[in-house]
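Please read this short report alongside the sequence and the 3D view.

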Amino acid sequence: MSISESARFAWRGLTANKTRSALTMLGVLIGVASVIILVGVGTGASASVTNTLNSLGTNTLTVTLKSAGGGLFGGFGGGSSSDEATRKDGTSTREPSLTMADAEALSDRTLAPDVAEVAPVVGAASVTATYQGASHSVTSTTGTTASYLAISNETVATGRAFSDSDYQGHSRVLLLGPTVAKDLAGGDGTAILDQTIRLNGKEFTVVGILTAKGTTAGQDQDDRIIAPATAVQDHLAGYGNLSSISVQATSAETVDAAQAQVESVLDARHRTNAEDRDFTVTNSASFLSAASSITSIFTLLLGAIAGISLLVGGIGVMNIMLVTVTERTREIGIRKSIGAGRSDIIFQFMLEAVMLSVLGGVLGIVFGWAVCQIEVAGFRAVVAPYSVALAFSFALAVGLFFGIYPAMRAASLRPIDALRYE
């Protein structure tokens, strides 16, 4: 029997019960689509995290305070809290802190030759911006120096950035994120440029609007304000600890050397060593490596979970093919009695199982790709080409594997017994 004739018989067998065949293909469809969608979610998450960390630069360091339990503290507002860790040095007791003097020491090129830029960071919590009757609760308010923009890869889309003279002069100027600007002024937000707004009742002049960054992991990166640290301390945060210190190495190759120099300078100032440091220096490159490792495991886990649903769909294919063999026992007997060989019967039923899997796989690819195009809360899954090839190959393998037993069972029927079957 020719391949085309076997295919025609197989197609006739599938279309004889369209509802049953459609439901069987649905199982494969869901399995293939699940693999593509879940792997896409993992890939999208990995891309989102990588883009966020890359936007910070691969040659940046962040200095933060360390609590007694090893975590980070001293966040917004910069004030001391009752649970701050203390260390004893002889008869004196010293609370851990990050100060402007620490930031200035790190700017000394003699002490830290591989450090290019340093920016102290002051955070202000619960800041509400108002303008002409409009009000907006700002998610992130940062007080810093002009160097922070270069270190954090921040750019100004409209207007100008504040300068060192603004910082030295305690000027009440600021940069608005697009979300804040649009919410306060409406439209594209540019109407608020050079206007005076109030932050918790204090007047500040908008000198620039930051370039949009979009949403990452459901968090709006444009709902932010950046202003000179001196003005933020004067009017919003007070003169407590810094939230952090941002440091930029001279190049990606000197990050490790810059980190060692930062730790050495701060150890000398804080009278600490590697065992009892009250601060932590984090490396953006190490964050990127760790994040990539975590998201890869996450993607693999999601793919494995989706693979289970595809396996269940394959079991459904075998179940339906077994039912088909039972229903068509007399047909098998007739075909064998008029000369059909064992290989002809096996090939026909194997072809039916593969057709079910391939059709379900193609529809699953289309459905999975369509779902991945839907953006939810600023996040979109990214279709990984390898997941499409893997899902389709697995679907084809499922059809072959789970079609073997029903096909062998059909081929093993004796013609006389098959003809007698009712």
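The side chain of S387 reaches the backbone oxygen of A384 at 2.6 Å. A polar contact is a pair of N or O atoms within 3.5 Å; within protein, one must be able to donate a hydrogen and the other to accept it, and residues adjacent in sequence count only if both atoms are side-chain atoms.

This is a predicted model, in which local features need pLDDT of at least 70, side-chain atom pairs count only at pLDDT 80 or more, and totals for chains, interfaces and linings use all residues. Residues are numbered from 1 along each chain as its sequence is written, and side-chain values use heavy atoms, with hydrogens and water left out.

S387 is part of helix α12, and Q233 is part of helix α7. Helices (H or I, at least four residues) and strands (E, at least two) are DSSP runs, numbered from the N terminus. Buried means under 20% relative accessible area, exposed over 50%, and partly exposed in between (1.4 Å probe, protein chains only). S387 has 0% relative accessibility, so S387 counts as buried. Q233 has 6%, so Q233 counts as buried too.

Contact means heavy atoms within 4.5 Å. The table leaves out residues up to four places away in sequence.

| Residue | Helix | Relative accessibility | Touches |
|---|---|---|---|
| S387 | α12 (residues 385-411) | 0% | V35, I36 and V39 |
| Q233 | α7 (residues 229-237) | 6% | M100, V122, G238, Y239 and L242 |

Q233 also lies 7.6 Å from G143, C-alpha to C-alpha, although 90 residues separate them in sequence.

**The second largest pocket**

How much space lies in the second largest pocket? About 270 Å³. Of its 15 lining residues, the closest to the centre are E104, S107, V118, P120 and T145. A pocket is an open set of points on a 1 Å grid over the protein atoms alone, where a 1.4 Å probe fits, with protein on both sides within 12 Å along at least five of seven lines; lining residues have an atom within 4 Å of a point. Volume is the space filled by probe spheres set on the points, which are joined across faces, edges and corners.

α3 (100-106), β5 (115-124) and α5 (164-168) each supply at least two lining residues. β5 gives the most, with five.

**The whole chain**

The protein chain has 13 helices and 17 strands. Of its 422 residues, 46% count as buried. Among contacts between residues at least 6 apart in sequence, 78% join residues at least 24 apart.
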